[in-house]
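Morning, everyone. I'll take one chain today and go through it piece by piece. Have a look at the screen.

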Amino acid sequence: MKLLVNAAVGLIAGLLAVTGPAHAFPDRPISIIVPWAAGGGTDAVVRTFAAGFQEELGVPVNVINRTGGGGITGHSAIINAEADGYTLGAASPEIGLYRTLGTADISLDDLDLFSRLAIIPAGVTVAADSPFETLEQLIAAIQAEPAGTYSSSGTGVGGSWHVAAGGLLAAADIDPQKLKWVPSQGGAPALMEVMSGGITMFTGSPVEALSLIEAGRVRTLAVMLDERSETFPDAPTVKEAIGKDWSYANWFALVAPKGIDAEEREVLYQAAARANARPEVQSALKERGITPVWDEPGEFDAFAAEFTTTAKSVLEGLGLAKN
């Protein structure tokens, strides 16, 4: 009997030596690629989330900024990364625009979509001394005057905030091309132009103008949300302001290259859900005027399909669609 026991122990030890011990996932650092520069909106959201994510996973989570090409470089790096669960990414609305604009042959279909992490709504912000007191007055003026009389900015031509403006005009039955779009490198320079009188309005997020709003230098006439924003409770929705259904928000999402092992993906998804729900993550985002979001399985896929279709329609109306 003793010989049989020893033989069994020896057999088990031999099998363990061949197969090796089972490793928990993850057992080394995880990276999140951000297609935009450090300090920007996407970067701020992801770094806030990453702090909670690494607490949930028990391994370091590193944020890597891969900039260039209007976000194409970083989004491509996510798509082409090894699908081993250790490289994830942060997608932004631009990935849903490239193919229609003809700037890159990549789209949301090329990614494994986990969930949106947060959103910031578009709005209509004007200078404090603007003659327009309401969105209704501004829309009526754009309708009445020749094309190019009024202008807006907030991003490059065909960028997310340009889509926000084009969709607003289309919803109001106005040719989107009547509004002159002045390309900019973001919200800060666009808001400077608004305050100096160089352009009529800023159609980026009021979140980007929060300090200027509080200082009384600009006013937000409306937010492009289905319901009023907690951060800007006095700003009506587009529906309230002009009776038209139009909402638009920049979103920041957790994604991955396609092909991650299903069990490992589930570990990441559940840890990410818990991370995004952590009180310190929620409060840090809300303090910036950013709305935390978490999608249940399949919800982000449905949202992505609708977003891409709507954005393509708006870009066609702006005369910018190449595909």
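Before more detail, some ground rules. This is a predicted model, where local features need pLDDT of at least 70, side-chain atom pairs count only at pLDDT 80 or more, and totals for chains, interfaces and linings use all residues. Residues are numbered from 1 along each chain as its sequence is written, and side-chain values use heavy atoms, with hydrogens and water left out.

Back to that pair. Strands β5 (residues 123–127) and β9 (residues 218–223) run antiparallel, joined by five bridges. Pairing here takes at least two DSSP bridges between two strands. Five of the five residues in β5 are buried. Buried means under 20% relative accessible area, exposed over 50%, and partly exposed in between, with a 1.4 Å probe and protein chains only.

Now the whole chain. It has 12 helices and 11 strands. These are DSSP runs numbered from the N terminus: helices are H or I with at least four residues, strands are E with at least two. Of the 323 residues, 52% count as buried. The C-alpha atoms fill a box of roughly 100 × 40 × 30 Å along the principal axes. Take contacts, meaning heavy atoms within 4.5 Å. Among those with a separation of 6 or more, 77% link residues 24 or more positions apart.

Next, helix α12, residues 299–317. Its 19 residues should span 27 Å at 1.5 Å a residue, and the end C-alpha atoms are 27 Å apart, so the two agree. The expected span is 1.5 Å times one less than the number of residues. Which residues of α12 are buried? Phe300, Ala304, Phe307, Ala311, Val314 and Leu315. They lie on the same side of α12, because they cover an arc of only 100° around the axis. That arc is taken from the directions from the helix axis to the C-beta atoms. Their cover includes α4 (98–101), β4 (111–121), α6 (160–171) and β10 (249–257). On the face turned away from the buried side sit the exposed Glu306 and Thr309. Just after α12, Gly319 takes a positive phi of about 75°.

Last stop, Leu88. It belongs to strand β3, residues 87–91. Is Leu88 buried or exposed? Buried, with a relative accessible area of 0%. Leaving out residues up to four places away in sequence, Leu88 touches several residues, including Ile30, Phe53, Leu254 and Leu268.
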